[in-house]
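Here is a friendly walk through one model, going from loops to helix packing and then to charge pairs. Please keep the structure open beside the text as you read.

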Amino acid sequence: MPDPSAPLDLLLLPTWLVPVEPAGVVLQDHGLGIRDGRIALIAPRAEALRQPAKAIRELPGSLLTPGLINAHGHAAMSLFRGLADDLQLMTWLQEHIWPAEAKWVDENFVRDGTELAIAEQLKGGITCFADMYFFPEIASELVHKSGIRAQISIPVLDFPTPGARDADEALRKGLALFDDLRLHPRIKVAFGPHAPYSVSNDKLENIRVLAEELDAGIHMHVQETAFEVQQSLELHGERPLARLARLGLLGPRFQAVHLTQVDDDDLALLVASNSSVIHCPESNLKLASGFCPVERLWQAGVNVAVGTDGAASNNDLDLLGETRTAALLAKAVAGSATALDAHRALRMATLNGARALGLDEETGSLEVGKSADLVAFDLSRLAQQPVYDPVSQLIYASGRDCVQHLWVGGKQLLDAGQLTRLDEQRITATARSWGERIAGQRGAGH
C-alpha cells in the first residue's frame, strides 16, 4: 500500500480541472497530486501546495481532464488511410480493403501501423484505445512498449485471416495471449467476433462460453447498416441483435459497435442486458451507414461510448474531433439542441468508454485512487477566447492541436506536444515508405 504521508511524485496546477465524476463539475484553481502512478490528491490550490511534492508543474490556461478513451478502432489500418475513399461500406470492404489486407497484412504491417496509430492517438489526448485487428500479439507488444493503455480484441471470422487459418486457430492463439497478459497493468484482452454476418452461431456460442469463463469483453460490429439488418431477417428470421441475445452474448461485457439501426425491441434488449454501445459517427457518416440514436439510447439508460473506427474509413484517430461530431450529430438526430451537451459528450469520451471496456474502476475519471491517466489541453489560445465554460470550449472550439501534456499511470508520454517514448520522425518515415510500396503496387495492377 502506498504511504499517504509520503511526498507526492508530482503536483499539477491547471487553471481548470474537470473530474467527469461527479458529472458537470468544473474545479477552478485546484491541484491534482500523483503518487505511485495514482491520483493521490485533488484539492484547492493553496491546500494542495501545503502537501510536500517532489515536483510541481504549473499549467496556466490549461484544462486537465481524464485521458480520452477511443473505444473502437483498427490501429494497424492507419497504413490504409485514404486508400479507398468515398465508397459504400460493402464495396469498400469487399473490393478494396479485404484484397489489400490479403496482399499486405503481415506482422511487419501490423507492427508499423499500430505504432503509427499509438503515436497519433497519444498526440491527440488518447490514453486508452480498443483495438480489433489481426496479429493481436504484435499490437500488445507495441502497447506494452509505448506506455498507453488498451483493450486488444482477438479477431474471429468464419474465413481464414492474416495470422489464423480459421476461427479455431484464432481462438487458440487468443487464449494463449489472454494467459500471457492476464496480469498486465495496462492491457486487457477481449474477444472480437467481426460481425453477426461473418461469424456463425457455433463460433459465437464458443466465444460466449470463453468470455464467461474468463470474464472477458466481447467487442463486435453490430447493425452497422440497414442492409445488414435486412440480410439477417432473410437468413435468420430475426435482427442481428435479437440473434446475439438468443445466443447469450449480450450483457455488461458486450460492446456493440456502430448500431446505426435501433428499433424498440433492440433498445429493450440493450437496456435489459446492460450492454454498451460504441458510437463511431464519422465513419458512419463517411460510409453513409446511418445514424446511431445516441440521445435516445442515453435517456433509456444505455452506456454509450465513442470510437474513431480505423483511419481507413474515418480518416483520422482524432477522438476530440469525433466527440464534437457526436455532440452535433446527436442534436440533429434527436431534433433537440439540448441533446448530448458538452459535459455529457466529454463523459462519453472518457468514463463511458472506460465502463464499456470494463476499466471504470481504473480510469475514465479523476478520482483519488484511480490511475493517473490525464490530459492537459491548452485553452489559452486566441481561438478559445473568452472561456465561459472550459468543457464547452474544449468540445466545440478546440482541436487536438490543443493537447499539451499526457500521462498514463502517472508516466508522462507527451510533454509540450512532444512524444517522450516514441520517435515521431522514424514512425512518419516508415509510414511514408509503406504508402509508396502500396501505391506502387496498385499502380502496377491498373
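## Cis prolines and where they sit

In which loop does Pro 386 lie? Pro 386 is in the loop between β14 (374-378) and α15, where helices (H or I, at least four residues) and strands (E, at least two) are DSSP runs, numbered from the N terminus. The peptide bond joining Gln 385 and Pro 386 is cis, with omega at about -10°. Another cis peptide bond joins Glu 21 and Pro 22, with an omega of about 0°. Pro 22 belongs to the loop between β1 (10-17) and β2 (27-28).

This is a predicted model, in which local features need pLDDT of at least 70, side-chain atom pairs count only at pLDDT 80 or more, and totals for chains, interfaces and linings use all residues. Residues are numbered from 1 along each chain as its sequence is written, and side-chain values use heavy atoms, with hydrogens and water left out.

## Positive phi in the loops

Asp 86 is not a glycine, yet its phi is positive, at about 65°. You will find Asp 86 in the loop between β6 (68-73) and α2 (89-104). With 68% relative accessibility, Asp 86 counts as exposed (buried means under 20% relative accessible area, exposed over 50%, partly exposed in between, with a 1.4 Å probe and protein chains only).

Asp 215 is also not a glycine and has a positive phi of about 55°. Asp 215 lies in the loop between α6 (201-214) and β10 (218-222), and Asp 215 is exposed at a relative accessible area of 53%.

## Helices α3 and α4

Helix α3 (residues 107-123) and helix α4 (residues 136-146) have axes that come within 9 Å and cross at roughly 35°. Here axes are lines fitted to C-alpha atoms, for helices over the stretch in contact, and angles run from 0 to 180 degrees between N-to-C directions. On the α3 side the meeting residues are Glu 107, Val 110, Arg 111, Thr 114, Glu 115 and Ile 118; on the α4 side they are Ile 138, Ala 139, Glu 141, Leu 142, Val 143 and Ser 146 (contact means heavy atoms within 4.5 Å). The residues of this contact divide into six nonpolar, two polar and four charged; Ala, Val, Leu, Ile, Met, Phe, Trp, Tyr, Cys and Pro count as nonpolar, Asp, Glu, Lys and Arg as charged, and the others, Gly among them, as polar.

Which residues of α4 are buried? They are Pro 136, Ile 138, Ala 139, Ser 140, Leu 142, Val 143 and Ser 146. Their cover includes α3, β7 (126-132), β8 (149-156), α5 (167-181), β9 (187-193) and β16. Just after α4 comes Gly 147, with a positive phi of about 95°.

## Helices α12 and α15

The axes of helix α12 (residues 319-334) and helix α15 (residues 390-397) come within 8 Å and cross at roughly 95°. That makes α12 roughly perpendicular to α15 (angles under 35 degrees count as roughly parallel, over 145 as roughly antiparallel, 65 to 115 as roughly perpendicular and the rest as oblique). From α12, the contact uses Leu 320, Thr 323, Arg 324, Ala 327, Leu 328 and Lys 331, and from α15 Leu 394, Ile 395 and Tyr 396. By class, this contact of α12 with α15 has six nonpolar, one polar and two charged residues.

## Salt bridges

How many salt bridges are counted? The count comes to 28, with a salt bridge being a side-chain nitrogen of Lys or Arg within 4 Å of a carboxyl oxygen of Asp or Glu. Asp 415 forms a salt bridge with Arg 57, and the closest N and O atoms are 2.8 Å apart. Asp 415 lies in strand β16 (residues 411-415) and Arg 57 in strand β5 (residues 56-66), so this pair ties together parts that are 358 residues apart in sequence. Asp 415 is partly exposed at 29% relative accessibility, and Arg 57 is partly exposed at 25%.

The side chains of Glu 141 and Arg 111 also meet in a salt bridge (3.8 Å, N to O). This pair links helix α4, which holds Glu 141, with helix α3, which holds Arg 111, 30 residues apart.
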